[in-house]
Amino acid sequence: MASVAKEWREIPGRYNLQGTKCENCGKIYFPSRSFCPKCRRDSIGKMTPVKLDRKGFVYTFSVVHEAPDCNNRQKPYAVVMVKTSDDILLSGQLVDVEPENIEIGMPVRAVLRKLDADGPAGIIHYGFKFVPDY
Amino acid sequence: MDVGIVSYGAYVPRYRIKPEEIGRIWGVDGKAMGKGLMIYQKSVPSPDEDVVTIATEAARDMMARVPDVNPEDIGAVYVGSESHPYAVKPTATIVAESIDATPAMTAADMEFACKAGTAGIQACMGLVGSEMVEYGVAIGADTSQGAPGDALEYSASAGGAAYLIGTKNIIAKINKTLSFTTDTPDFWRREGQPYPLHGGRFTGEPAYFRHITSAAKMMMEAMETKPEDYTYAVFHQPNGKFPTRVAKQLGFTPEQIEYGLLTPNIGNTYSGAVPLGLANVLDHAKPGDRIFVTSYGSGAGSDAFDITVTNEIENYKRENAPTIERVLENPVYLDYGTYAKYKGKILMSE
């Protein structure tokens, strides 16, 4: 079972693609970082929240046939790297499309879906997945 | 002060199943069943969809159409459903977080069988009209349940729509709302039970028809209107047959209810049904159009609304989100086995 507190901390990123931007060098990080590994101490106090564009395109993908329990009702399923319109690479699941119809370069958008649940009594984890953006 | 709809958004999952496929499994003439109910296919949520995800999609489309509205000015979020994923833990907080409306706002989940969405619209009208909040969000959404083999399995589907209620830049003014409510046990689901039970034919005359016709007549009497004064009408649609019959009883024509009747194509989306029907009407509406709306929730009650579309709809960015017609394009049809897997009807090891 995942930590409830950890899940809660990740809500801004998982629901609304909130990352951070280093105001020193301009680099955007997702998931959020409190510190820019490039600017190091110069980034202290200069990491600001930034929301990524929910639209992008498939940069690359892979089809998963051996699924973890949380996805065993959706297999085979695709995991994708998506380049958002603000040029950030994100990884996630691509749903609502048959794997044979996925193409590199196809436009997609992030939507909120169930990722997993801590059994029938635990919390439900929601977060972004991608769907084709027709 | 005029109170009305500032924006709306709608969502229906992409999967469908036809009544003949359900009937094939249970030894029933599904095609005849579908014809009797006037339901030719119903929507099915994918395994990773529930009321939270459906309500969020609808609410995000609603906000996309009003880019000038600051989500922090939303003072209330109500999600009406009878299939909230949690028994205790609000759907509304997750949706509110997903549209950046938190934290200076109130939120709650509502339940009144199929009319919890319109009950939310009424609550928002009160808050907005009394200037307690600037905007209120009311959502009706469901991933409704029907026991395997039960008549409900041919109709219970999934979908929802979201409404931003306010006083500024309203695309549709709500001239009046009123309700007709009694204790009528026509359909219920006890705490912890996976599927609802219903009173069979008892769900008709003393329940659906009595409440809808009473609320509708009260509204037309209060507004001194007749059916022909309205461009469109939307009635609750547990199947295609009931709203068609109630419209006729009240004196509305098939043309008036055409856009507001989605159930034949998507099934009964319960709390989402009237909000989705109204969304399809608004997709086609022009300034000056008058819309008559009456929802129904088992248990039982009806909320009636008299609505006039304003000139503001000409400036409204409807194109920023897909219309219902677009949402319903390219469905994927499931066989019963896949449907049962998607709906979690197959017992799996934890």
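This is a predicted model: local features need pLDDT of at least 70, side-chain atom pairs count only at pLDDT 80 or more; totals for chains, interfaces and linings use all residues.
**Exercise 1. Which strand order does the open sheet of nine strands in chain B have, and with what pairing?**

Residues are numbered from 1 along each chain as its sequence is written, while chains are lettered from A and ligands numbered from 1 in the order in which they are written.

Solution. 
1. Helices (H or I, at least four residues) and strands (E, at least two) are DSSP runs, numbered from the N terminus. Two strands pair if DSSP finds at least two bridges between them.
2. The order in chain B is β5-β4-β6-β7-β1-β8-β13-β12-β11, and the pairing is mixed.
3. β5 (106-110) and β11 (232-235) of chain B pair on one side only and are the edge strands.
4. From one strand to the next, the twist averages 20°.
5. Within the sheet, β1(B) and β7(B) are joined in the antiparallel sense over seven bridges; Ile5(B) has Ile165(B) in β7(B) as its bridge partner.

**Exercise 2. Describe the helices that lie across strands of chain B.**

Solution. 
1. Angles run from 0 to 180 degrees between N-to-C directions, and axes are lines fitted to C-alpha atoms, for helices over the stretch in contact. Residues are in contact if their C-beta atoms, placed from the backbone, lie within 7 Å.
2. Helix α3 (residues 51-64) of chain B lies across β1, β4 (74-80), β6 and β7 of chain B, at about 130° to β1(B).
3. Helix α10 (residues 273-284) of chain B runs at about 65° to β7(B), and the strands that α10 lies across include β8 (172-184) and β12 (290-294) of chain B.

**Exercise 3. Characterise the packing of α6(B) against α7(B).**

Solution. 
1. The axes of helix α6 (residues 204-223) and helix α7 (residues 241-250) of chain B are 11 Å apart, at an angle of about 40°.
2. Angles under 35 degrees count as roughly parallel, over 145 as roughly antiparallel, 65 to 115 as roughly perpendicular and the rest as oblique. α6(B) and α7(B) are therefore oblique to each other.
3. Tyr208(B), Phe209(B), Ile212(B), Thr213(B) and Ala216(B) of α6(B) meet Phe242(B), Val246(B), Gln249(B) and Leu250(B) of α7(B).
4. This contact of α6(B) with α7(B) has seven nonpolar, two polar and no charged residues (Ala, Val, Leu, Ile, Met, Phe, Trp, Tyr, Cys and Pro count as nonpolar, Asp, Glu, Lys and Arg as charged, and the others, Gly among them, as polar).

**Exercise 4. How many residues of domain 1 of chain B are in contact with domain 2 of chain B?**

Solution. 
1. Chain B is divided into domain 1 (4-171 + 314-342) and domain 2 (172-313), with bounds from an automatic or database domain assignment.
2. Taken over C-alpha atoms, the centres of the two domains of chain B are separated by 16 Å.
3. In domain 1 of chain B, 51 residues are in contact with 47 residues of domain 2.
4. On the domain 1 side, α5(B) gives the most, six residues.
5. By class, that side of domain 1 has 26 nonpolar, 19 polar and six charged residues.

Methods
Two residues are in contact if their C-beta atoms, placed from the backbone, lie within 7 Å.
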